[in-house]
Amino acid sequence: MPSAGDAPPILDFSAFYSGDAAAKQKLVDDVRNCCLHNGFFQITGHPVPLELQQRIMDWNKKFFDLSLEQKMEVSKDTTNSWNRGYELLKSQILEEGTLPELKEGFYIGAEIPKTHPYFVHKKLNSGPNMWPSAAALPDVAGFRATAMDYYHRVVDLAADILRVLALTLDLPERWFDDFVQGAVATMRLLHYPSQPADSPAKLTRGIGAHTDFGTITLLLQDRVAGLQVYEHATGEWLDVTPTPGAFVVNLGNLMMRWSNDRYVSNLHRVINVSGEERYSIPVFFSGNPDFVVECLPNCRKEGEEAKYPPITVEQAVLGGYADSYGRAEKFKKDAAAKAAQAAEVPAATEVTVA
Ligand SMILES: O=C(O)CCC(=O)C(=O)O
Ligand SMILES: [Fe+2]
């Protein structure tokens, strides 16, 4: 069971598939504790093969090894309006007051043809992927096949995790099935160059402190550390040391809202001071864009009001940025108040990322 000061525990997810009722119940109880504590846990024993994880990570490196010109041919900003393709180094600042982030990204989602209703109706980040040209990457077909196989298996795993989450709330295992049907999810390949020795330590981030605004995120880390999770009780940033084969799972803002804030969407960040290149792959699971999210059962006491009105998944995810400003203000005020009491408070600002 996690307690203040622990990095996210590693849970054996095979208990979900095993038919051993006691082991499954223990998994559900452990996941519930993590959701209540900081919304972060790690899983091994899941059905995504290690070999496939390694293969997508190899493609991650090969993609970012392309020249800037080749990567810009699939630029997210200039080739499409549905959030697919390459994002330049230093494009984002998620933590106010810090420097542009030392990361570059490549966004991939479900392969949605232009005839698909989701594309026609401009649904949340839906459309065809942007793949490098065969001139840039001769085996682009291999990249595409690996990426899509990996993407679909991780999305399937997300659906299984949602079944466990249903059980943690004493709901039927298939409670989230309609929400999962037709779900939108985005994966991004990430590359964090090692931070130069002369960069100002307090201002340099691979990714600044933020919360994710989807439902759940499943993250694969390569072998280089750098991810940290904020521990509210102690004000520490805890390292999430990479474990081969493990996924880091965290709840996003939509799940926090859905659970009436019973479950936590927590601050995290990446700082790469390893001297090595860092690679990671988060998959952000949003859900069916038209699904209406309103306070889950068992998330408020008798007579207690729901804190939030109903909202569609699409509205919630798109509105995430706007909402996060309010939270950032609150976080800063809280941090300032704490600073008045204690000598040291991390200068973190909460911002949200898709
Ligand atoms: O790269 C990582 O380890 C974390 C990435 C992350 O938090 C995000 O993309 O939202
Ligand atoms: Fe994140």
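Modeller: A search of the whole structure, which is a predicted model, finds 18 salt bridges. One of them joins the side chains of Glu-104 and Lys-71, with 3.1 Å from N to O. This pair links distant parts of the chain, since Glu-104 belongs to strand β4 (residues 104-109) and Lys-71 to helix α3 (residues 68-72), 33 residues apart. As a rule, side chains of opposite charge can pair when their charged atoms come close.

Now to the ligand site. The space that ligand 1 takes up is the largest cavity. Around ligand 1 there are 15 residues, and the closest are Arg-188, Tyr-192, His-210, Arg-278 and Ser-280. By type, the shell around ligand 1 consists of 9 nonpolar, 3 polar and 3 charged residues.

Four strands each supply at least two residues of this shell: β5 (184-192), β6 (207-212), β11 (268-270) and β12 (278-287). Of these, β12 gives the most, with 4 residues.

Several polar side chains come up to oxygen atoms of the ligand. In His-210, a polar side-chain atom lies 3.0 Å from an oxygen atom of ligand 1. For Asp-212, an N or O atom of the side chain is 3.2 Å from an oxygen atom of ligand 1. Arg-278 also has a polar side-chain atom 3.0 Å from an oxygen atom of ligand 1. As for cover, ligand 1 on its own has 290 Å² of accessible area, and the protein covers 98% of that.

Methods. Residues numbered from 1 in each chain as written. Chains lettered and ligands numbered in written order. Predicted model: local features only at pLDDT ≥ 70, side-chain atom pairs only at ≥ 80, totals over all residues. Heavy atoms only, no water. Near = heavy atom within 4 Å. Polar contact = N/O pair within 3.5 Å; in protein donor to acceptor, adjacent residues only side chain to side chain. Areas by Shrake-Rupley, 256 points an atom, 1.4 Å probe, with all protein chains shown as cover. 1 Å grid on protein atoms, 1.4 Å probe; cavity = no way out; pocket = protein on both sides within 12 Å on 5 of 7 lines; lining within 4 Å. Sits in = over half its atoms within 2 Å of the grid points. Nonpolar A, V, L, I, M, F, W, Y, C, P; charged D, E, K, R; others polar. Salt bridge = Lys/Arg side-chain N within 4 Å of Asp/Glu carboxyl O.
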